[in-house]
Amino acid sequence: MKISRNYALHILVGIELLMLVSCSSGTKTNSPPTSDQTTQSNESGFVVTVLKVIDGDTVDIKLDGQTERVRLIGVNTPETKHPTKPIECFGPEASAYMTQLLPKGTDVRIERDEEARDRYGRMLLYLYRNSDNLFINLDLISRGYGTPMSIEPNTFHRNDFVHAAALAEATNVGLWQACR
């Protein structure tokens, strides 16, 4: 049986992504600043509820009875709501994908890195969908909805993100196909 080169490449990328997720460089266990009954702690982070997807890399969550704006660490998706920039190529698709991944009411486990907030006051977090432990930040990059964005000191998963982006680009998925 003859297998096409493109099909074989997709199989290899799938295997590498599975290995990447299972052999990730580790998991931070830094806690968010506060927690109460709206935030249930578990062994590896805090579980909170998604209230709203803002765009491809920003969501609102409920934490301590308050709405908190969260900027995902390590991933940058094309702009759709920037006050001074036009909508960028593949931005609407990234926002729609994020909305599909995290509809209102979805429980996510949150993890911090070194710096808790950005200069705009948004929480900086890694998100894991609670139902299946999908690492949202990594998934966006590996499926071509975003690119790695490394801002010191929040670089714990930088190598994972760079590797996932290289695989997405090599297989020409998402923005790598649509925006060249």
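A hairpin of 2 residues links strand β2 to strand β3. The two strands run antiparallel and are joined by 5 bridges. Strands here are DSSP runs of E with at least two residues, helices are runs of H or I with at least four, and both are numbered from the N terminus. Two strands count as paired if DSSP finds at least two bridges between them. The model is predicted, so local features need pLDDT of at least 70 and side-chain atom pairs count only at pLDDT 80 or more, while totals for chains, interfaces and linings use all residues. Residues are numbered from 1 along each chain as its sequence is written, and side-chain values use heavy atoms, with hydrogens and water left out.

Strand β3 covers residues 58–63. Of its 6 residues, 5 are buried. Buried means under 20% relative accessible area, exposed means over 50%, and partly exposed lies in between (1.4 Å probe, protein chains only). D60 of β3 is the bridge partner of K52. D60 also stands opposite R69 in β4.

Strand β4 spans residues 66–72 and pairs with β3 in the antiparallel sense over 6 bridges. The hairpin of β3 and β4 has 2 residues between the strands. Within this hairpin, D64 takes a positive phi near 55 degrees. Strand β4 is also joined to β7 (residues 123–129). These two strands run parallel, with 3 bridges. Here R71 stands opposite L124 in β7.

D57 lies in the loop between β2 (45–55) and β3. Its relative accessible area is 4%, so D57 is buried. Contact means heavy atoms within 4.5 Å. Leaving out residues up to four places away in sequence, D57 touches V70, R71, L72, V75, N76, T77 and M98. R71, one of these contacts, is the residue set opposite L124 in β7.

G144 counts as buried because its relative accessibility is 0%. Neighbours within four places in sequence aside, G144 is in contact with F90, A168, V173, G174, L175 and W176. F90 is 54 residues from G144 along the chain. The C-alpha atoms of G144 and F90 are separated by 9.3 Å.
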